Amino acid sequence: MEASYALPITTALIGVWLVWTVGRYVRADKGTRVSMRQAVRVRWGWVRLARMAGLTVTDKTPSLLTQITAQKDSPPPAPRILTPKIKVKPDQYGVIVQARTLPQVGLEEYQKSARFLADAWRCTRVSVLPNGPGRVEIRGVRSDPLTTPTTHRPTGFPPVDLTRWELGIDEYAAKVCVSLANVPGVTVAGVPGAGKTSTVNKFVCDFAPSPSVQIVTADGKVSRASEGDYADLVKRMFAFCGDDLDEANALFKRLVELRKRRSATIRDVLGVKNMWHVGPSPQWPLTVLIIDEAHTYFREYKGSDATTKLLAALTAENARLVEDLVKKGRSVGILVILISQKTTGDAIPTFIRDVCPIGLSFAQKTVEAAVAALGDDIRNWPDASPVTLQDPAYVGVAVMAMQGRPGYARIRTPYVSDADAARVAEATSHLTADPDLCLDDLLASPGRTTAPLPSLTK
Ligand SMILES: Nc1ncnc2c1ncn2[C@@H]1O[C@H](COP(=O)(O)OP(=O)(O)OP(=O)(O)O)[C@@H](O)[C@H]1O
């Protein structure tokens, strides 16, 4: 009776599984479909491949069951060959394999076999990383994510997490994010046409839909807001200035005043010393200063005539003001993004550049420029050097240095079209607010329970 039910139930279950798998396959994009087929091959071939790769272990001790059921005069059981258990997940770029370790088959053994696995699975690259006790994660990418251009279509919705800036994917197609909570300054370097503007477009598209982020820009490439890359984005900016050094000076001063007011009032208003402990809000927005063609504002002018002296004084002061923002702005919610083709000391003063914890560099022509953008250590990592990114296939690929971590990450940033960025800026322009006025409102709000503030001069 029971047996007569078992067959139809099993058939039904297999049927459901088949329909589900076929459905997933049909709905998947082209890359994922190839990876799904690859995943089947990886699963089916694993036992054999593991043996050939030396990723198995021989257990001479019979299993408990064999010991119990063994007859007295029966021959000793053959040693068992143990193969690590794996789970395979396909994605657009290849497969992610979760594997168990065995005695004498650990992280190091998997890492040594990476090249072999890559060839067997027809992957261009395989990485092995620890994934908790007794587990490793093997990532195999079929095509190189760095040379596969990607596009980002902005959703127009505010990001779930305002501390995460998603830059793109690394050479193993893993997401690369930067925590804005710990970053007062970011430098972005790279030869013209390498993808710097697209990166800024993405930043604006990602964060503009949030009223807790306000943006201000100084673009040294243009004289007016209606020109250049920011002509449309300016709708979502509470201030903008072009290449006029006086104007830029006034803008930086205004922001330093904001920084000082925020520093003086943060404990009273937010009840914390660091804005990131409570996160940005529409009343206390994260204020992002984008300085494009940054060298325009910091260039050293040499000469003894009156005009040159005036310009020299202005650029020197600009440097001091921006230094203030980068050094003291993080805890009060100010972030500075400095963009320049080269980030050598003459373009961005080293006392500013060296306090920016994140350095991004798109393609560079010389090792000196790469060193300026990413630090001297890049000489020790020639494979990651942005000098190797000059091929057109690498447009949109940046190298990132992160403080407190050895080595560099290579990141494929997605392309964000000017039209998409303009659309988002237009749709979110009503969210633009001057953080200074937000602070005024906050200080004047009757709901504040704390003692009166020290009077602040603007
Ligand atoms: N992430 C990307 N992926 C693919 N293609 C890209 C990417 N970013 C930019 N491009 C291509 O390169 C072109 C130039 O990019 P972009 O304007 O961002 O360069 P740039 O570094 O800002 O140059 P410039 O210094 O002249 O402003 C774009 O029009 C686009 O075709």
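These legends describe close-up views of a predicted model. Local features need pLDDT of at least 70 and side-chain atom pairs pLDDT 80 or more, while totals for chains, interfaces and linings use all residues. Residues are numbered from 1 along each chain as its sequence is written.

**View 1. The UniProt transmembrane region, residues 6-26.** The annotation comes from an unreviewed UniProt entry. UniProt positions follow the numbering used here, feature names are shortened, and annotations may be inferred rather than shown by experiment. The stretch is 100% helix and 0% strand. Its end C-alpha atoms are 30 Å apart. Helices (H or I, at least four residues) and strands (E, at least two) are DSSP runs, numbered from the N terminus.

**View 2. The UniProt FtsK domain, residues 173-371.** This record, too, is an unreviewed entry. Over these residues the chain is 37% helix and 20% strand. The end C-alpha atoms lie 26 Å apart.

**View 3. The shell around the ligand.** A residue counts as near if its C-beta atom, placed from the backbone, lies within 6 Å of the molecule. By class, the shell has 6 nonpolar, 7 polar and 1 charged residues. Ala, Val, Leu, Ile, Met, Phe, Trp, Tyr, Cys and Pro count as nonpolar, Asp, Glu, Lys and Arg as charged, and the others, Gly among them, as polar.

**View 4. Helix α6 (residues 196-207) against helix α12 (residues 418-427).** Their axes are 9 Å apart, at an angle of about 30 degrees. Axes are lines fitted to C-alpha atoms, for helices over the stretch in contact, and angles run from 0 to 180 degrees between N-to-C directions. The angle therefore makes α6 roughly parallel to α12. Angles under 35 degrees count as roughly parallel, over 145 as roughly antiparallel, 65 to 115 as roughly perpendicular and the rest as oblique. The crossing is left-handed, meaning that the near helix is turned anticlockwise from the far one by less than a right angle. From α6, N201, V204 and C205 meet D418, D420, A421, V424 and A425 of α12. Contact requires C-beta atoms, placed from the backbone, within 7 Å. The contact divides into 5 nonpolar, 1 polar and 2 charged residues.

**View 5. Helix α7 (residues 245-270) against helix α13 (residues 435-444).** The axes come within 11 Å and cross at roughly 30 degrees. The two helices are therefore roughly parallel. α7 passes α13 in a left-handed crossing. L258, R261, R262, T265 and V269 in α7 meet P435, D436, L439, L442 and L443 in α13. This contact has 6 nonpolar, 1 polar and 3 charged residues.

**View 6. Helix α7 against helix α9 (residues 306-328).** Here the axes come within 9 Å and cross at roughly 30 degrees. α7 and α9 are therefore roughly parallel. Their crossing is left-handed. The α7 residues in contact include F252, K253, V256 and R259. Among those of α9 are L314, N318, L321 and L325. The contact comprises 10 nonpolar, 4 polar and 6 charged residues.

Conventions: Contact = placed C-beta atoms within 7 Å.
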